[in-house]
Structures are given as structure tokens and as C-alpha cells.
Amino acid sequence: MADEIGVGLIGYGMAARVFHAPFVETVPRLKLKKVVERRGEESRRSYPHVEVVRDAAELWRDESIALVVVTTPNDSHFELARRSLLAGKHVVVEKPFTNTSGEALELIELARQQERLLSVHHNRRWDGDFLTVRSILEAGLLGRLVEFESRYERFRNQPRAGAWREEARPGSGILFDLGPHLIDQALVLFGQPRAVAADVRRQREFAQADDYFELMLDYEGLKVTLRAGMLVREPGPRFALHGTEGSFVKHGMDVQEEALKRGLKPAGPGWGEEPEERWGTLDAQLGGLRVRGRVETVAGSYQSFYRNVADAIEGRAELAVKPAEALATMRVIEAALRSSEQKCSVAFTP
């Protein structure tokens, strides 16, 4: 068996506690060794074997650590990833990749020069509902797709104390927070669009950063709408797909995040499986048959992200989330901001 891959985690906020550390632990070849926590030692309570340090430089100097995972606020992603690459580490960055496409390009070039793996944590590629949508499209069950809608809708009409994502600072706001998930999924399914049109705004009186967006991605013969907001008490469908032969509609969010926040251990029996009452509905004409009914949701698999990272480091597999793909997501975000500010559609060139 190959030597273990030592992992160092920078930051131990919600993203690290819920979406990173538990899944690093599911991969036998990965060994979480050090966590940078500036305040407290919460990581040690969950992972007694982990050494808590106060300075990221201790990860960079540690030769036993091959992979550094950056889970700090968005405006620090670039510098921490840059210094990790310069230290000869492989790097995973929590989404969004960086605050600008220029920073993303610089990191991609540096990773190439250093001959190190660089990836971005677009874990929502392994949402069960998204995997189901992808399978339906690959099977051609809807005929030629003409409209695709994807939403993250929440209701919170009061400010949240200490929420840096809602402060007036670079990389804050819902477009940088939830937008990367929706955009990355769309790009995986359909590639890069011809144009981007967007409405990005603040809807809550107390908002210091955007808390609503609607993006329209233009493809030949296909309209893709991505929407997120914080004042939606009755959410619409998570996915709504319409084609020349039928429709698929799915309500409710993927079950994995909810399970993690309840403290369930990932990747056990039944992990990522959704109850039947939450399955989506397919209504389609397949040959001479009208088919209407529930479609079982594919089991979600967030653990697949870190399994792939380990395989890619060892040369066993191609990296699933390539940095160039994360760069494309950043470019769509920038195009959306220009579109909303200028109130026009923005041409998008690969």
C-alpha cells in the first residue's frame, strides 16, 4: 500500500468542520495531521490525533504534510494557496477559488511550475439530486433540453451576528457563496455559455452584501437559469428541466449537509440516500409510452471528492475538479457582476 498522504487544514470554521475534515477521514490513504486554529482547539475534540497549531507556516515547514486544504474566508484564499504551492504542497481550496479570475490564473500557473496538484472544493458535483439530473440527461429521457432551472433558496430575514460572508468585504455576498455551486454544476452539464445576463442585488434592508441573484446563461437552443435568495419562505423546485419529450422536477435539498450538521458520520451504510417522498418526478414520452412517476435519487457521495484527490496525487486517476474549470466559474461570476451593473447581457468567450 502506498505511503499515507499527510493533510494540513488551514481554518476550522463551519466549512472545515462539516465538509472537509470528516471526509478527509473517510479516505484511508489521507491522514489529517495538523489544523491551523487561531482561537481554541475545537478540532482536537473531534480528532484527538490532530496537532493544533496557530500559524500556517508550521504546515508549510512540515515535510510530512503533502496536501494543504484552505478553508479560510474568501479574501485569504489566494495568498494561502500561493504560499502553500511555493512550499511544495498540493492544495485544495474551499470555493470560491479566489476573488478574481486573475488570481485564479496566477495560482494555476504556479501549480504548473511547482508540479503540484491544485483543486477547488466543488463538492456539490456529488449531490444526489445533481447526480440524478446528470443521469437523466445522459439517458436522453427529456429529448432535446430547452430549459434548465437550478435554485438555492432560503429564508432568513434577520442579520446573523459575525457572518463574514454578509459583510461589505471582497468576496462576500451570496453570489460568491452559493453561486459557485450552481455555476459549476451548470458548466459540468453544458460547458461554457455564449453569454451571461444577471440581476444581483440586496433585498434585505440590513444587507451589506448581495443576498439575491438570478443568472441566465445562454446556450444555443437552451436557457439556463440559476437563482438564489434569502427571502424565500416557500422555495421553488431545486431543479426544473424541460425538454421536447418531457420534464423532470425535483424539490428539496441534498440530504448530506443536513446529516452532517446533525453529527452523523459520513460514508456509512445508507449515506447520501434520500427518502422516497423527496424523490423528483419525471413526466416524459418515451417512444409510444407516457411515463410519469418518481425517480429514485442517486445516493450522494461527498466522500468521492477526497477519494479522487488522493487518487490524483498518487497518479491513479485524473483530477475530477480541475483548476481550469474552477477558473471558468470565477469568470462567470465576474461576467454576472458586469451584467448586473451595466444592465445588459455580457458575451462570454472561452
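Student: Which residue just after H4 takes a positive phi?

Tutor: The model under discussion is predicted. Helix H4 spans residues 77-86. Just after H4, a positive phi of about 85° is taken by Gly88.

Student: Which residues of helix H4 are buried, and what covers them?

Tutor: The buried residues of H4 are His77, Phe78, Leu80, Ala81, Ser84 and Leu85. An α-helix has 3.6 residues a turn, so residues three or four places apart point the same way. The cover over the buried residues of H4 includes strand S1 (5-10), helix H3 (57-61), strand S4 (65-70), S5 and H5.

Student: Where does Pro96 lie, and what is the omega of the peptide bond from Lys95 to Pro96?

Tutor: Pro96 is placed in the loop between strand S5 (90-94) and helix H5 (101-114). The peptide bond that leads from Lys95 to Pro96 is cis, and its omega is near -5°.

Student: Is Glu115 buried or exposed?

Tutor: Glu115 belongs to the loop between H5 and strand S6 (118-121). Although it is not a glycine, Glu115 has a positive phi of about 55°. Its relative accessibility is 66%, and the cut-off for exposure is over 50%, so Glu115 counts as exposed.

Student: What is the phi of Lys343, and is Lys343 buried or exposed?

Tutor: Lys343 is found in the loop between H11 and strand S15 (346-347). Its phi is positive, about 55°, although Lys343 is not a glycine. With a relative accessible area of 73%, Lys343 is exposed.

Student: Which residues is Leu215 in contact with, leaving aside its neighbours within four places in sequence?

Tutor: Leu215 is one of the residues that touch the most other members of the largest nonpolar core. Leaving aside neighbours within four places in sequence, its contacts are Leu175, Ile183, Ala197, Ala198, Val224, Thr225, Leu226, Val332 and Ala336.

Student: How far apart in space are Leu337 and Leu30?

Tutor: Leu337 lies in helix H11 and, at 33% relative accessibility, counts as partly exposed. Not counting residues up to four places away in sequence, Leu337 touches Leu175, Phe176 and Val200. Leu337 and Leu30 are 307 residues apart in sequence, and from C-alpha to C-alpha their separation in space is 38 Å.

Student: Why is the pair of Phe23 and Tyr302 classed as it is?

Tutor: The structure holds 8 aromatic pairs. In the pair of Phe23 and Tyr302, the ring centres are 6.0 Å apart and the planes stand at 75°, so the pair is edge-to-face.

Student: Which parts of the chain does this pair link?

Tutor: Phe23 counts as buried at 1% relative accessibility, and Tyr302 counts as buried at 2%. The two residues are 279 residues apart, and the pair links distant parts of the chain. These parts are helix H1 for Phe23 and, for Tyr302, the loop between strand S14 (289-295) and helix H10 (303-313).

Student: At what angle are the ring planes of Phe305 and Tyr306?

Tutor: Phe305 is buried, with a relative accessible area of 1%, and Tyr306 counts as buried at 0% relative accessibility. The ring centres of Phe305 and Tyr306 are 5.0 Å apart, and the pair is edge-to-face because the planes are at 90°.

Student: Which residues lie nearest the centre of the second largest pocket?

Tutor: The second largest pocket has a volume of about 300 Å³. The largest share of its lining, 3 residues, comes from H1. By class, the lining has 7 nonpolar, 3 polar and 4 charged residues. Of the 14 lining residues, those nearest the centre are Arg17, Pro22, Tyr47, Leu264 and Lys265.

Terms used. Residues numbered from 1 in each chain as written. Predicted model: local features only at pLDDT ≥ 70, side-chain atom pairs only at ≥ 80, totals over all residues. Heavy atoms only, no water. 1 Å grid on protein atoms, 1.4 Å probe; cavity = no way out; pocket = protein on both sides within 12 Å on 5 of 7 lines; lining within 4 Å. Points joined across faces, edges and corners; volume = space filled by probe spheres on them. Helix = DSSP H or I, 4+ residues; strand = E, 2+ residues; numbered from the N terminus. Nonpolar A, V, L, I, M, F, W, Y, C, P; charged D, E, K, R; others polar. Core = buried A, V, L, I, M, F, W, Y, C linked by side-chain atoms within 4.5 Å. Buried < 20%, exposed > 50% of the residue type's maximum accessible area, 1.4 Å probe, protein only. Contact = heavy atoms within 4.5 Å. Phe/Tyr/Trp six-rings, centres within 6.5 Å; stacked < 30°, edge-to-face > 60°.
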